[in-house]
Amino acid sequence: MVFYFKARPEAGDYTLFMGLDKHENEELIKYGFPEDIWFHVDKMSSAHVYLRLHKGQIIDDISEALLEDCAQLVKANSIQGNKVNNVDVVYTPWQNLKKTASMDVGQVGFHNPKAVRTVRVEKRINEIVNRLNRTKVERKPDLKAEREAVNAAERAQRKQQLRDKKRREEMERLEKERQAEVRSYKNLMVAEKMTSNKEIASASKSLQELEEDFM
């Protein structure tokens, strides 16, 4: 089971989601998207909350309002963190999550600790948490199939881009050849086919002389 939430409208059309338990967290870790940002209460047990950014966006594009929604949701879904003030929430891109065979179910590490950011949550804001909970939807998605569908679409897009690139390169090659032929033809006309005014005058004089000789 995965729970989905909608961020505040003024922050944009963004979806937040989290697994029901550590087993769903494993699936979310395994089949995440490059646009996913992972949130967790630092040094406490909590839900693994994800924010899915728009295609092409990065962690720097998260607004303060959107970040507050994410931080409040993850704090509210921490048994210990929900009871205390001034908790830190860490967040990082999904691709920075590291999972090894020796880790427990639901446990993660980081490939690059420097890519992990921290935001301080002073206290629970019920208005935000209640608003998010009103948008809550439960689903049983096939995370593997969703990830594979995205991979297939990305492969098809890369293939199309490669075909387009080859087509442009071929057109550019043909255009260069055409221009080279035009330049070659012009040079040929100047060097071999064109007759100068002086040559024309000389030819005319010779013709006149021939006519006088004939007379």
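Mentor: A salt bridge is a side-chain nitrogen of Lys or Arg within 4 Å of a carboxyl oxygen of Asp or Glu. As background, side chains of opposite charge can pair when their charged atoms come close. Please note that this is a predicted model, in which local features need pLDDT of at least 70 and side-chain atom pairs count only at pLDDT 80 or more, while totals for chains, interfaces and linings use all residues. Residues are numbered from 1 along each chain as its sequence is written, and side-chain values use heavy atoms, with hydrogens and water left out.

Trainee: How many salt bridges does the structure hold?

Mentor: There are 15 salt bridges in the structure. One of them joins Glu 68 to Arg 8, with 3.1 Å between the closest N and O atoms.

Trainee: Where do Glu 68 and Arg 8 lie?

Mentor: Glu 68 is in helix H2, and Arg 8 is in the loop between strand S1 (2–6) and strand S2 (15–19), so the pair ties together parts that are 60 residues apart in sequence. Helices (H or I, at least four residues) and strands (E, at least two) are DSSP runs, numbered from the N terminus.

Trainee: Is Arg 8 buried or exposed?

Mentor: Arg 8 counts as buried because its relative accessibility is 11%. Buried means under 20% relative accessible area, exposed means over 50%, and partly exposed is in between (1.4 Å probe, protein chains only). Glu 68 has a relative accessible area of 31% and is therefore partly exposed.

Trainee: Which residue forms a salt bridge with Asp 69?

Mentor: The partner of Asp 69 is Arg 131, and their closest N and O atoms are 2.8 Å apart. Asp 69 belongs to helix H2 and Arg 131 to helix H3 (residues 126–134), so this bridge ties together parts that are 62 residues apart in sequence. Asp 69 is buried, with a relative accessible area of 0%, whereas Arg 131 is partly exposed at 21% relative accessibility.

Trainee: And what about Asp 88 and Arg 120?

Mentor: The side chains of Asp 88 and Arg 120 also meet in a salt bridge, at 2.5 Å from N to O. This pair links distant parts of the chain, with Asp 88 in strand S5 and Arg 120 in strand S8 (residues 117–121), 32 residues apart. Asp 88 counts as partly exposed because its relative accessibility is 23%.

Trainee: Let us step back. How many helices and strands does the protein have?

Mentor: The protein has five helices and nine strands. Along the sequence, their pattern reads β-β-α-β-β-α-β-β-β-β-α-β-α-α. Of the 215 residues, 32% are buried.

Trainee: Now the rings. What is the count of aromatic pairs?

Mentor: The count is four aromatic pairs. Rings of Phe, Tyr and Trp (its six-membered ring) pair if their centres lie within 6.5 Å; planes under 30 degrees apart count as stacked, over 60 as edge-to-face and the rest as tilted. The rings of Phe 39 and Tyr 91 are stacked because their centres are 5.1 Å apart and their planes stand at 10 degrees. Phe 39 is in strand S3 (residues 36–41) and Tyr 91 in strand S5, 52 residues apart, so the pair links distant parts of the chain.

Trainee: Are Phe 39 and Tyr 91 buried or exposed?

Mentor: Phe 39 is buried, at 0% relative accessibility, and Tyr 91 is buried as well, at 8%. Elsewhere, ring pairs link Tyr 4, Phe 17 and Tyr 50 into a cluster.

Trainee: A last topic, the backbone. What is the phi of Lys 43?

Mentor: Lys 43 has a positive phi of about 60 degrees, although it is not a glycine. Lys 43 sits in the loop between S3 and strand S4 (49–52) and is exposed, with 77% relative accessibility. Asn 86 is another residue other than glycine with a positive phi, near 55 degrees. Asn 86 is in the loop between H2 and S5 and is partly exposed, with a relative accessible area of 45%.
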